[in-house]
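Visitor: Hi! Could you walk me through a few spots in this one?
Guide: Happy to, here it comes.

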Amino acid sequence: MTTTTDTHCPYCSLQCGMRLATAGGVGTTVVERPEFPVNRGALCGKGQSAAALLDGTSRLTAPLVRERGTLRAASWDEALDRVARGFSAIRSEHGADAVAVFGGGGLTNEKAYQLGKFARVALGTANIDYNGRFCMSSAAAANRIAFGLDRGLPFPLEDIPRTDCLILVGANPAETMPPALRYFRELRENGGTLIVVDPRRTRTAEQADIHLQPLPGSDLALALGLLHLLIADGLADTEFIEARTTGYGPARAAAMAHWPQRVERLTGIAASQLRAVAHRFGQAASGMVLTARGPEQQSKGTDTVGAWINLCLASGKAGRPYSGYGCLTGQGNGQGGREHGQKADQLPGYRSIEDPAAREHVARVWGVDPAALPRSGRSAYELLDSLGEPGPDGLRGLLLMGSNPVVSAPHASHVTRRLRSLDLLVVSDLVLSETAQLADVVLPSAQWAEESGTMTNLEGRVILRRQAVDAPQGVRGDLWLMRELAERLGVEHGFDDDPETVFEELRRASAGGPADYAGISYDRIRAEDGVFWPCPAQDHPGTPRLFLDTFATPDGRARFAPVTHRPAAEEPDAAYPLYLTTGRVLSQYQSGAQTRRVGALNASAPGPFVELHPLLARQLAVTEGDVLTVTSRRGRAIAPARITDTIRPDTVFMPFHWPGAGRANTLTNPALDPTSKMPEFKLCAVRVEAAGTAATAKPDQEQHA
C-alpha cells in the first residue's frame with residue numbers, strides 16, 4: 001500500500017509544495033502537488049530529488065565523541081552528559097557568556113524559537129546568532145528603518161505578474177529558485193517590463209527586457225542615480241511623498257549629488273541607459289523593486305537597500321496594490337528564522353531584547369524573571385571571530401545547529417582556525433559536515449520529512465512540513481536534544497519535544513509583537529495551506545498584503561533613508577586588480593552539505609570553477625578548463641576556468657558550495673555593514689593566475705595570519 005503526505009521542499013525560501021509517497025513503508029518518492037499556490041506543482045531538480053536525502057547511507061545515525069583526536073560512536077547518554085559537563089565547566093570558570101549558540105536559517109520555527117530560549121534560559125548566554133545573518137540581514141535592517149517591519153515580501157508572489165515594471169537587483173531566481181521564474185515570465189507576457197541588475201548575464205538576466213551590468217559594489221550609486229533622474233525629470237509622486245512618507249528632503253539632497261555622469265563613472269552604466277530605466281520605472285502605473293544577496297551582502301548593504309526603497313517611495317510605488325519593495329529571502333526558513341529569537345538582539349515575535357516591555361512579556365511566557373534574561377550578544381561573524389580567543393571576551397564553547405561555517409562563513413580559513421581553538425565544539429547535524437568533522441561531540445539530527453514543524457516562506461506565509469517517514473534508528477530531533485540538555489543543565493521544565501506544543505508556546509510569545517503568530521495554529525495551516533503573518537487572532541484572516549493603509553512606523557509613514565555612495569571595503573589595486581563575486585549554481589544549495597550527497601545533483605554540478613571573460617582569459621593565456629589560482633588578501637582558492645562572455649572583463653565569479661582547495665569563502669572579506677553586521681561576501685579584490693604560475697609566486701603574509 002502507498003501512503004502520501006502533503007509537505008514542502010527542504011531547500012529554499014519558496015517552500016514549494018510537494019507530496020511524499022511511501023510504498024509499503026520503504027522507498028519514498030516525490031510527487032507534484034499542483035494545488036499549492038506558490039509553485040503550482042513545479043519543482044526544480046533539488047526538489048525533485050529531495051527524497052534522496054532520506055537515504056541513510058550518508059546519514060549520521062549515532063552520536064560521536066572525540067577521543068584522542070578521533071571521533072568514535074557513543075551512546076546518547078554519554079554524548080549529552082559530556083556536553084552538559086563541558087558547558088557547565090566553561091560557565092563556572094569563564095561565565096555564562098563564554099558559551100555561544102549558532103543556529104541556522106533552515107531550522108523550523110519551533111527549533112529556532114526553542115534554540116533562542118535554550119540559549120537564554122538553559123545556558124544563560126547572550127551570545128546566540130545564526131547563519132541567516134549572512135543572508136537577509138541588510139534587507140531586514142533597511143525594511144525596519146523604512147517601514148517599521150521586516151517581512152521579505154509585503155505581497156504574495158501572485159502579485160508579481162500584475163505589476164507594470166519590476167527591477168530585480170542582484171538576484172538570479174532562474175538558478176536559485178527556478179519555480180519562481182514563471183512569475184517574472186508572466187509579468188512580461190502581461191505587458192510588464194522586467195529590468196535585471198547583475199554584473200553577470202545570468203539565466204534570469206537573459207529573460208529581461210533591460211539588463212544593467214554594473215561594476216560590483218556600485219548598486220548604491222546606481223539606485224541614487226536613478227532617484228536623481230526620477231526627481232530631476234519630474235517623475236516624483238509629490239502627493240504620495242507628502243501624504244505617506246517622511247525624511248524626503250535629506251534623501252533628495254543626497255540623490256541630487258549623484259548626477260548621471262558621475263553615476264556612469266561609478267557604475268559603468270551609460271547615462272542614457274540610466275535615464276531610460278528611470279523613466280520606465282517612474283512612468284509605470286505600478287512597480288516593484290526586489291533585491292537579493294547581490295546588493296545586500298555588502299559592507300554598505302543596509303544603505304544600498306535603503307536607496308532602492310527610496311526609489312519606490314519617491315515614485316509612489318509602495319503601500320499600493322502591485323507595488324512595493326521586497327527581498328527574495330534565500331534559506332528555507334530565512335524569514336521565520338529571523339523572527340523568533342535566534343538572533344543576537346531579538347526575542348520572539350521580532351521583539352527587541354533591549355525593550356523592557358518585550359522582556360517582561362516573553363519572560364512571563366517562559367516563567368522566568370525578566371532581569372535574568374541576557375542582553376544583546378554578538379552578531380554571527382563577530383561571534384565566530386571571537387571563538388577560542390584568550391581573555392574575558394573569548395568564547396570557549398559553542399553549540400552549532402544546522403549550519404556549516406567551515407564552508408559558508410567569510411574568511412573561512414580563519415573561522416576554521418577559531419573553531420579548532422574551542423574548548424568544546426558541539427554540532428547537531430544530519431550528516432558529517434565539514435564543521436561537524438571538527439567537533440568534540442556530534443549529535444545526529446532528524447531532518448525535514450522525519451519530523452513535523454512550521455516554516456515561514458519568503459512571502460510571510462506560515463506553512464507546515466508534515467512528518468512522512470521515521471528517522472533512522474539512533475537519530476533524535478533537535479527539540480528532544482534541547483530538552484535533554486536543558487534537564488542536564490538543571491532546567492527541568494519549559495522545554496518540550498513535541499513540535500505542536502512548542503508552536504503553541506511560540507504563538508503566546510509572539511502575541512502582540514511585530515511578527516504576531518497568535519492566530520495561527522497547526523489546524524489552520526492544514527485547512528488553509530498556509531497563513532500569512534501578522535495574524536493576531538484566530539478569527540483574523542492573516543495579512544497577505546502589508547502597508548496598504550498604513551506603514552508599521554509610529555506615525556504610520558514610511559521613512560526615506562538619507563544615504564550616499566561610498567566605495568566597497570576593499571577595491572581592486574595593482575596587487576589585486578580584479579573583482580571577485582560569489583553565488584550559487586542551479587544544482588547545489590548553500591554549503592552543499594546536503595546536495596553534494598545527492599548523486600544526480602552532484603553529477604550536474606560536481607565541483608567549483610572560476611568564471612571569467614574571454615578578454616581576461618586571453619590576457620592570462622588560459623583556456624577552458626585550465627586550473628586557476630585566485631588569491632585575495634585572505635588566502636587562495638584553486639579551480640578550473642570557465643570562460644564566458646556573460647561576465648564583465650574586470651570581474652570573476654566563483655560558486656561557494658564546496659570545501660577544500662576550491663572553497664570560495666577562503667577569499668571573501670568579513671568587513672561588516674555597521675547596521676546589519678552583514679559581511680561583504682559579494683565582492684573583494686583578487687588576482688587570478690594560471691595555477692603553475694601562482695605556485696611559484698610569493699604567498700601573501702596575510703594568508704598565514
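Guide: Let's start with a polar contact: a polar side-chain atom of Arg-566 lies 3.3 Å from the backbone oxygen of Ser-299. A polar contact here is a pair of N or O atoms within 3.5 Å, where within protein one must be able to donate a hydrogen and the other to accept it, and residues adjacent in sequence count only if both atoms are side-chain atoms. This is a predicted model, where local features need pLDDT of at least 70, side-chain atom pairs count only at pLDDT 80 or more, and totals for chains, interfaces and linings use all residues. Residues are numbered from 1 along each chain as its sequence is written, and side-chain values use heavy atoms, with hydrogens and water left out.

Visitor: Where does Arg-566 lie, and what else is it in contact with?
Guide: Arg-566 is in the loop between strands S22 (558–559) and S23 (578–583). Helices (H or I, at least four residues) and strands (E, at least two) are DSSP runs, numbered from the N terminus. Leaving aside neighbours within four places in sequence, Arg-566 is in contact (heavy atoms within 4.5 Å) with Leu-220, Ser-299, Lys-300, Asp-303 and Pro-674.

Visitor: How accessible are Asp-159 and Arg-545?
Guide: Asp-159 counts as buried, at 2% relative accessibility, while Arg-545 is partly exposed at 34%.

Visitor: And what about Glu-570 and Arg-634?
Guide: Their side chains meet in a salt bridge, 2.9 Å from N to O. Glu-570 sits in the loop between S22 and S23 and Arg-634 in the loop between strand S25 (627–632) and strand S26 (635–643), so the pair ties together parts 64 residues apart in sequence. Both Glu-570 and Arg-634 are buried.

Visitor: Which residues are linked in a network of salt bridges?
Guide: Asp-77, Asp-81, Arg-483, Glu-484, Arg-488 and Asp-497.

Visitor: What about Glu-339, which is buried yet has no salt bridge: what is the nearest side chain of opposite charge?
Guide: That is Arg-338, 6.2 Å away; Lys and Arg count as positive and Asp and Glu as negative, with His and the chain ends not counted. The side chain of Glu-339 does make a polar contact with the side chain of Trp-533, at 2.8 Å. Glu-339 lies in the loop between strand S13 (324–327) and strand S14 (346–347).

Visitor: Last one, helix H4: how many of its residues are buried?
Guide: Nine of the 11 residues in H4 (residues 137–147) are buried. What covers them includes helix H12 (293–296), H13, S13 and S22. Just after H4, Gly-148 takes a positive phi of about 80°.

Notes
Buried < 20%, exposed > 50% of the residue type's maximum accessible area, 1.4 Å probe, protein only. Salt bridge = Lys/Arg side-chain N within 4 Å of Asp/Glu carboxyl O.
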